[in-house]
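Here are my notes for your first look at this model. Keep the structure open beside you as you read.

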Amino acid sequence: MLDWFEHEGHVCIVFELLGLSTFEFLRQNHFLPFNVEQIRHMAFQIFRAVCFLHRNQLTHTDLKPENIVFVCSDYDLQYNEIRECKEKTLRSLDLKVVDFGTATFDHQKHESLVSTRHYRAPEVILGLGWNQSCDVWSLGCVLMEFYLGCTVFPTHDSKEHLAMMEKILGPIPPHLLKETR
Ligand SMILES: *[C@@H]1O[C@H](CO)[C@@H](O)[C@H](O)[C@H]1NC(C)=O
């Protein structure tokens, strides 16, 4: 935090100026996926940041491409012959994890519904309680999205969402189904 001030009754916090979020970059780049080499470089940094939170008894709860931001999103343009469009290639893949508005310490009240739909872990959907593991689920969804260029579970319905998970990962363990309402 560099500074803070009040504006029309709202507390505003001043942070360093970063580049585009990974979501906004994908959008401006025709949703062309990142390559595996790029994803590996990005994943390493994101894991390091999230590992730091988890070691400090925190769960982010809202990891998604909008909250993973390039430090600088300057790019070079190259013609992509397969897709027949101009592809942006970032000069640096340095990232930061942002938005701690819903980050929760282990000892704090855990809201029953957390995360943005597409990145929500099955135990959250099933109302079974959650911990740091729900961040790991979200990160899996984020990395798949970097690889595909689009969301891995495109749905707005919880039952359909669980069905899509089962299609990829197999049946939800019976003991979890027994516990859920
Ligand atoms: C965290 O949550 C997961 C999923 O509900 C559960 O399997 C795991 O045992 C929990 N870990 C701890 C340390 O409570």
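**Notes on the fold, the pocket and the ligand**

1. Start with the overall make-up. The chain has six helices and eight strands. Keep in mind that this is a predicted model.

2. Next, follow the order of the elements. From the N terminus, the chain runs β-β-α-α-β-β-β-β-β-β-α-α-α-α. Trace that pattern on your screen.

3. Now the dimensions. Along its principal axes, the C-alpha trace spans about 55 × 45 × 30 Å.

4. Then the annotation. An unreviewed UniProt entry lists residues 1-181 as "domain: Protein kinase". In the model, this span is 36% helix and 18% strand. The C-alpha atoms at the ends of residues 1-181 are 42 Å apart.

5. Which residues line the largest pocket? They are Met 1, Leu 2, Phe 15, Glu 16, Leu 18, Lys 96, Val 97, Val 98, Asp 99 and Phe 100. Seven of the lining residues are nonpolar, three are charged and none is polar. The volume of the largest pocket is about 280 Å³.

6. Turn to the ligand. Which residues surround the ligand? Glu 123, Asn 131 and Ser 133 do. Look at Asn 131 in particular. An N or O atom in the side chain of Asn 131 is 2.5 Å from an oxygen atom of the ligand. On its own, the ligand has 370 Å² of accessible area, and the protein covers 31% of that.

Conventions. Residues numbered from 1 in each chain as written. Predicted model: local features only at pLDDT ≥ 70, side-chain atom pairs only at ≥ 80, totals over all residues. Heavy atoms only, no water. Near = heavy atom within 4 Å. Polar contact = N/O pair within 3.5 Å; in protein donor to acceptor, adjacent residues only side chain to side chain. Areas by Shrake-Rupley, 256 points an atom, 1.4 Å probe, with all protein chains shown as cover. UniProt positions renumbered as here; feature names shortened; annotations may be inferred. Helix = DSSP H or I, 4+ residues; strand = E, 2+ residues; numbered from the N terminus. 1 Å grid on protein atoms, 1.4 Å probe; cavity = no way out; pocket = protein on both sides within 12 Å on 5 of 7 lines; lining within 4 Å. Points joined across faces, edges and corners; volume = space filled by probe spheres on them. Nonpolar A, V, L, I, M, F, W, Y, C, P; charged D, E, K, R; others polar.
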